[in-house]
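Welcome to this tour! Open your viewer, get ready to select residues by number, and follow along stop by stop.

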Amino acid sequence: MKQIAFRLNHICHAQFGLRTRAGSIIKTIKPEKKTREQIRLEIEDPFQAERLRQIQLEEDAKNFQQYIYNLKQNDSNPNNFIKVKVKNVEVTKTETATETENNTPFIVKKVPKQEKILISGIRRKVPASLRRLIPICRPLINMHLYQAQEAIADSGRKAAQFLAKTLVMVRSHAVQRGYDPERLYVHSIQVGRYKKFRKARFHAKARINPAFRETSQIKVILEERPTKEMFKDFVQGKTPSVISYLMKDQLVREKADYAKIRRFQLFLTSKGRQQQKLMLKRRAQKEMKEKGLSFKYLHRQIVEQEAEQLAENYDTGKSGLHRFNLEARQTLFKKNEEINN
């Protein structure tokens with residue numbers, strides 16, 4: 001019996017890398033009751049029992065191997081693969097040219113990623129601890145600059161005042177360097193400890209103990225995004241409330257007509273932004289039924305087309321305004337020269 005147990009242990013370790021105890025196998029194996037016919041056959045052929053045991057061991061090994069294969073943790077079993085639902089799309093077969101006919105070479109062009117335009121500024125000796133600053137800075141990441149300034153103003157915390165001054169400082173740096181403030185987003189905000197200042201703390205009976213005041217430093221990094229990337233958020237109904245307010249103010253100062261106001265209605269009000277999301281969804285669903293492509297691909301394509309058109313109009317308007325301001329400054333300079341002469 002012990003020989004069978006040790007042999008099973010050897011088979012499990014050799015084929016499956018498993019180690020078992022001989023005692024556990026002996027407990028599970030029950031002694032068989034032999035009949036007179038079996039005893040007679042064993043006397044006539046003493047090696048028959050050994051052959052039967054060998055066959056039984058091979059069968060047990062195969063059964064154990066099948067048990068390991070059917071486990072849910074076995075990655076080699078195709079029944080355990082993750083099931084993915086794929087919609088049936090009609091595929092048209094096209095005749096491809098043979099290798100002898102494809103003589104024209106093709107070039108795979110790798111388009112490099114566009115580098116980000118970053119503007120940074122540091123404010124030191126901020127009289128606020130990290131515990132006060134970090135909860136204010138965390139929700140401002142990837143926000144528009146105007147929206148971040150509005151969120152800080154509404155927070156009502158003392159530590160937010162120092163962060164607001166830092167944002168104004170970095171924005172003035174960006175404007176001085178010629179960046180467009182309407183395309184600035186908060187890329188990241190880094191907050192760290194600064195020097196500790198020593199002061200005195202007075203107690204009763206003329207006792208004085210030293211006290212330390214913690215200070216911090218704030219580093220704000222702004223990113224000037226491309227015009228197309230900025231208008232992608234606007235087309236998807238994610239226009240910041242401050243931008244919509246500035247657009248309203250600009251339309252009022254220009255005394256815009258009804259047609260122009262209606263064209264920008266999708267960016268001016270919350271109801272218009274909600275309507276823009278619904279219109280994009282319906283348009284993508286309609287094209288999905290006609291073309292048979294995925295909804296996400298069509299939605300992304302529609303957003304890119306509309307954002308590109310809006311960005312082109314924005315750039316032309318900016319260039320025209322810059323040209324008008326330049327001409328106005330030139331005429332004013334000529335008038336001043338005539339007066340001086």
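**Stop one: an aromatic cluster**

Select phenylalanine 231 and phenylalanine 234: both sit in helix 8 (residues 227–235), three residues apart, which is about one turn of the helix. Helices here are DSSP runs of H or I with at least four residues, strands are runs of E with at least two, and both kinds are numbered from the N terminus. Before you go on, please note that this is a predicted model, in which local features need pLDDT of at least 70, side-chain atom pairs count only at pLDDT 80 or more, and totals for chains, interfaces and linings use all residues. Residues are numbered from 1 along each chain as its sequence is written, and side-chain values use heavy atoms, with hydrogens and water left out.

Are phenylalanine 231 and phenylalanine 234 buried or exposed? Both of them are buried. Buried means under 20% relative accessible area, exposed means over 50%, and partly exposed is in between, using a 1.4 Å probe and protein chains only. Phenylalanine 231 counts as buried because its relative accessibility is 9%.

Now look at how the rings of phenylalanine 231 and phenylalanine 234 are placed: they form an edge-to-face aromatic pair, 5.4 Å centre to centre, with 80° between the planes. Rings of Phe, Tyr and Trp (its six-membered ring) pair if their centres lie within 6.5 Å; planes under 30 degrees apart are called stacked, those over 60 edge-to-face, and the rest tilted.

Tyrosine 314 counts as buried, because its relative accessibility is 16%. Together, Phe231, Phe234 and Tyr314 form one aromatic cluster. How many aromatic pairs does a search of the whole structure find? The search finds four.

**Stop two: a buried lysine**

Stay in helix 8 and select lysine 232. This lysine 232 is buried because its relative accessible area is 17%. Which residues is lysine 232 in contact with, leaving aside its neighbours within four places in sequence? They are Val303, Glu304 and Ala307. Contact means heavy atoms within 4.5 Å.

**Stop three: serine 216**

Next, select serine 216, in strand 5 (residues 216–224). Serine 216 is buried because its relative accessible area is 1%. Show the backbone of alanine 128 too: its oxygen lies 2.5 Å from a polar atom of the serine 216 side chain. Not counting residues up to four places away in sequence, serine 216 touches several others, among them Arg123, Lys125, Ala128, Leu133, Gly192 and Tyr194.

Lysine 125 is in strand 1 (residues 117–126). Its phi is positive, about 55°, although lysine 125 is not a glycine. Lysine 125 counts as exposed because its relative accessibility is 51%.

Now jump to lysine 205, in the loop between strand 3 (197–202) and strand 4 (208–213). Lysine 205 has a positive phi of about 60°, and it is not a glycine either. With 79% relative accessibility, lysine 205 counts as exposed.

**Stop five: two packed helices**

Colour helix 5 (residues 130–137) and helix 7 (residues 158–176): they pack at an angle of about 65°, and their axes are 9 Å apart. Axes are lines fitted to C-alpha atoms, for helices over the stretch in contact, and angles run from 0 to 180 degrees between N-to-C directions. Which residues meet where helix 5 and helix 7 touch? From helix 5 come Arg132, Leu133, Ile136 and Cys137, and from helix 7 come Ala159, Ala160 and Leu163.

**Last stop: the whole chain**

Zoom out to see the whole chain, with its 13 helices and five strands. Of the 341 residues in the chain, buried residues make up 24%. Among contacts in the chain with a separation of 6 or more, 66% are between residues 24 or more positions apart.

Technical notes: Polar contact = N/O pair within 3.5 Å; in protein donor to acceptor, adjacent residues only side chain to side chain.
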